[in-house]
Amino acid sequence: MATPVSVYSWPSSFQLMLLFVFSIFSIGLHASAPPLTLDYYALTCPTALAIVRQEMECAVLSDPRNAALILRLHFHDCFVQGCDASVLLDDTYGLQGEKTASINFHALKGFRIIDRIKNKIESECPGTVSCADILTVAARDAVILVGGPFWEVPLGRKDSKTAGYALVDTNLPGSDDGLLSIISKFLYQGLSVTDVVALSGAHTIGMARCVNYRSRIYGDFETTSELDPSAETYVSNLRATCPAAGGGEDYESAMDYVTPNLFDNTYYHILLKGEGLLNSDQELYSSVFGMETKKLVQQYAENAVAFFEQFSESMVKLGNITNPDTYVDGEVRKNCRFVNT
Ligand code: HEM
Ligand SMILES: *[C@@H]1O[C@H](CO)[C@@H](O)[C@H](O)[C@H]1NC(C)=O
């Protein structure tokens, strides 16, 4: 393949330096967890995968948005203490959950879908299948059900007995994070620059609220794009429902306004046109630090198969993020919202 030799200008070397610094952290973060396996429940709960699939089919058929909700839940689970279902825990007297941390507050849904799957699985194989595994498989099925790729999901995660309220806003990227901040948060989790660009393709489905794109649509959004004469109409429609001075904070718009319910590579086409809804989206293509990421955006825009392959691989890596502490002390919760008594 005729891949151009990359030119190391200073931002790119800066990224390599970040990679070095954060890989030292991540060696500590990913130590000594038992490996996940594809056939983990083959003997103990052979129907588990079919139940997740069946329930996800119902959920996505009734509303394709549900696919986006579950996919995002899995991401927010894995970036805080590893993929341990910590995100599913409700606040209780002795435990502060992650749901009310500012990045998650009013921004995570789909918990009832997971409850429903868990209840079905508990009635077939009590105390066997972790909530963390259920969420991981549900996210994979969500992607397939809206037209995305299939991949095998390694299993055997345990559910945490704690939540990481304070880690939510530290570990998860926000819509106004710059590219280097986003990259460093992924490197910290053992993910790469390629994973950043491929996993961001999840924004080919789902919606964002005005609070998260206001700074973008009144900021550097290209209104007179030569590439898209309708860009001006697009942004003025966004502005009409998300006023600069305030109001409409919870108004939702699709991040992929072309095919909002289809998992495809249109997200990258939108970035090429300068029309990414979130600052963090457009940064992948337009940041001055984005030499590597820009090339990947172009590649995934041109080649949907390459995007699907990389997305699948990156999702397995995302689902593999672990916290050694949960493995020492993890459990299979009976109810995904509460630690076992
Ligand atoms: C790269 C850094 C990322 C940033 C800065 C980011 C930020 C955001 C923001 C601000 C929203 C809108 C939330 C709201 O307004 O309520 C959102 C939605 C979403 N994100 Fe991300 N995200 C990133 C990566 C990811 C990844 C890796 C995934 C999954 C693999 C993902 C999946 C989603 C999905 C599916 C939605 C739509 C949720 C819905 O429809 O309610 N995001 N993201
Ligand atoms: C998953 O993590 C383990 C260590 O926790 C590592 O040995 C393995 O290579 C990882 N697998 C993938 C696909 O990243």
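The secondary structure of this protein, a predicted model, comes to 15 helices and 2 strands, where helices (H or I, at least four residues) and strands (E, at least two) are DSSP runs numbered from the N terminus. Of its 341 residues, 53% count as buried, a term that stands for under 20% relative accessible area, with exposed for over 50% and partly exposed in between (1.4 Å probe, protein chains only). Among contacts in the protein with a separation of 6 or more, 78% are accounted for by residues 24 or more positions apart; contact means heavy atoms within 4.5 Å.

Residues are numbered from 1 along each chain as its sequence is written, and chains are lettered from A and ligands numbered from 1 in the order in which they are written. Local features need pLDDT of at least 70, side-chain atom pairs count only at pLDDT 80 or more, and totals for chains, interfaces and linings use all residues, while side-chain values use heavy atoms, with hydrogens and water left out.

The iron atom of ligand 1 has H203 (NE2) as its only protein donor, at 2.1 Å. Donors are N, O and S atoms within 2.8 Å of the metal (3.2 Å for Na, K and Ca), and water is not among the atoms, so sites may look incomplete. H203 lies in the loop between helix 8 (193–200) and strand 1 (207–209).

Helix 14 holds F307, which is buried with a relative accessible area of 0%. F307 and G201 are 106 residues apart in sequence, yet 8.2 Å apart in space, C-alpha to C-alpha. Not counting residues up to four places away in sequence, F307 touches A198, G201, F263, D264, N265, Y268 and Y300.

Helix 14 (residues 304–319) also meets helix 3 (residues 65–78): their axes come within 9 Å and cross at roughly 45 degrees. The two helices are therefore oblique to each other. On the side of helix 3 the contact is made by L71, H74, F75 and C78, and on the side of helix 14 by M315, L318 and G319.

Another buried residue is E275, with a relative accessible area of 0%. E275 is placed in the loop between helix 11 (266–272) and helix 12 (279–286). Among the residues that E275 touches, not counting those up to four places away in sequence, are R216, D228 and Q282.

The buried residues of helix 9 (residues 210–217) are C210, Y213, R214, R216 and I217. These buried residues pack against strand 1, helix 10 (231–241), strand 2 (252–254) and helix 12.

Conventions. Axes fitted to C-alpha atoms, helices over the stretch in contact; angles between N-to-C directions. Parallel < 35°, antiparallel > 145°, perpendicular 65-115°, else oblique.
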